[in-house]
Amino acid sequence: MTSIQSVLAAFVIILIDLLGRAGLDKVLALAGGPVMVGLWAQLQSVVELVSAVTMAGVLQGLTVLITQMSASRDERSLLRGALKLGLGTSLAVALIVALASPELAVWLTQRRIETDLFLLAALAGCITVVPATLNAYWLGKHQQQRMLGLALLTSVILLLVAASAWFGLSLGGLMWVQTLMLAIIGIVIWRYLDKLSRARDGQEDGAEYFRKLVKFVPVGLAIGIMSPVSMLLVRGMLSGALSWSDVGFLQALWRSTEWVTATAAGVLSLIFLPRFSATYGSVRFKREMTRAGVMVLIPAACLLLLIFFNQRAMLATLYDARFVVSDETAALIMLGSWIRIASWLFLFGLFSAHRTGLIIAGEILSLPLYALLLWLFADGMTLERTALLYFVSYLVYLGFNAIALLYSSRKTTIAQREVDYE
């Protein structure tokens with residue numbers, strides 16, 4: 001199971017990511033204000049749209065399946081299948097984004113972002129799949145220490161983008177820096193992955209593992225498309241109903257909660273997903289779920305309360321004094337963020353159970369539901385209402401995931417009893 005060194009490495013990985021994103025946002029706020037923060041977030045949602053269809057599906061499946069097998073020959077076949085399927089899935093989505101980029105530039109940014117930047121963002125999303133595949137493989141083998149080295153390497157990208165913004169590079173220039181650095185790192189990692197996944201006897205058949213990974217593709221398409229697209233729509237709608245400055249303020253508030261939400265997601269993914277996968281179907285699974293709930297939800301509640309009581313100082317520190325929201329907006333976003341973390345606990349349980357259909361159904365009730373609610377209640381929109389709808393959407397998502405995992409666990413228990421009886 002997970003060692004103390006692996007747990008510490010996981011926390012350092014999370015911290016590196018948070019510090020990198022916070023540092024970049026701070027520089028963007030100083031260089032271009034709330035508008036720059038909002039527009040950069042739009043481009044990064046395109047990057048996530050292309051990469052997340054693989055990371056949230058095929059690569060989650062890779063981690064789960066690697067955890068549940070022991071033979072190195074099987075692992076090589078699985079890794080080869082994940083590379084082919086993951087890159088193919090992301091490339092297909094990238095092509096769709098490229099074809100739709102002229103319309104996206106108008107619809108989602110009111111022509112504030114040029115069409116060619118959407119193409120660069122799509123390319124960056126494809127390249128991101130390569131290091132993410134290595135991460136997923138190492139996670140399945142409980143090698144978080146190696147993942148830490150990769151996190152340090154990729155953090156250089158954020159550092160260079162931040163430095164470029166500090167020296168006055170435009171939004172397009174920043175995207176070129178991000179994409180070129182990703183390409184350099186991606187080429188190095190690709191060569192390593194090719195060597196790692198190569199069949200040693202030339203006769204390995206990965207068809208069986210490829211079929212297992214294919215089951216996770218719909219999950220990746222659901223989460224990977226619906227979540228980033230929903231965020232693109234959310235920012236686009238709010239920029240029309242409110243302003244791009246208000247979008248920047250809301251983005252800043254979400255970023256401030258990421259110190260808690262991203263840490264919680266990292267702990268659940270880097271530490272507990274392999275443990276859930278290894279124990280699902282046994283008595284130990286319930287204990288692991290309870291342990292994860294205690295270790296994640298209680299500290300998260302305390303930290304989100306701390307952020308709420310200091311939200312003005314935190315926004316001014318992370319961005320600048322222009323970033324101000326009401327206490328009601330902050331409180332609802334904090335509460336919604338805690339509900340969101342709780343929903344992830346059950347989501348990772350569903351991943352370990354291979355309940356891809358339920359995961360897909362539930363995904364509609366998260367950010368897509370939020371975007372729908374914003375559209376339905378657009379008249380007279382305020383930041384306070386935006387925050388309230390955020391809370392409501394994730395409360396629905398939590399309820400669905402909890403019921404879905406309870407149903408899946410009972411179904412598995414009944415099936416096991418029938419096998420034992422026979």
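**Salt bridges and a nonpolar surface patch**

At 45% relative accessibility, Arg 322 is partly exposed, a class lying between buried (under 20% relative accessible area) and exposed (over 50%), computed with a 1.4 Å probe and protein chains only. Its side chain meets that of Asp 320 in a salt bridge with an N to O distance of 2.6 Å, a salt bridge being a side-chain nitrogen of Lys or Arg within 4 Å of a carboxyl oxygen of Asp or Glu. Asp 320 is buried, at 12%.

The model is predicted: local features need pLDDT of at least 70 and side-chain atom pairs pLDDT 80 or more, whereas totals for chains, interfaces and linings use all residues. Residues are numbered from 1 along each chain as its sequence is written, and side-chain values use heavy atoms, with hydrogens and water left out.

The whole structure contains 7 salt bridges. One of them joins Glu 258 to Arg 255, with the closest N and O atoms 2.9 Å apart. These residues are 3 positions apart in helix H8 (residues 244-279), about one helical turn; helices are DSSP runs (H or I, at least four residues) numbered from the N terminus. Glu 258 is partly exposed at 23%, while Arg 255 is buried at 13%. Together with Asp 25, Arg 255 and Glu 258 are linked in a network of salt bridges.

Leu 372, Trp 375, Leu 376 and Phe 377 form a nonpolar surface patch with about 450 Å² of accessible area together. Such patches comprise residues with over 30% relative accessible area and no salt bridge, nonpolar side chains (Val, Leu, Ile, Met, Phe, Trp, Tyr) being joined within 5 Å and like charges within 9 Å; accessible areas come from the Shrake-Rupley method with a 1.4 Å probe, and for residues only the protein chains shown count as cover. Trp 375, in helix H13 (residues 367-376), is exposed at 57%.

Notes:
Helices (H or I, at least four residues) and strands (E, at least two) are DSSP runs, numbered from the N terminus.
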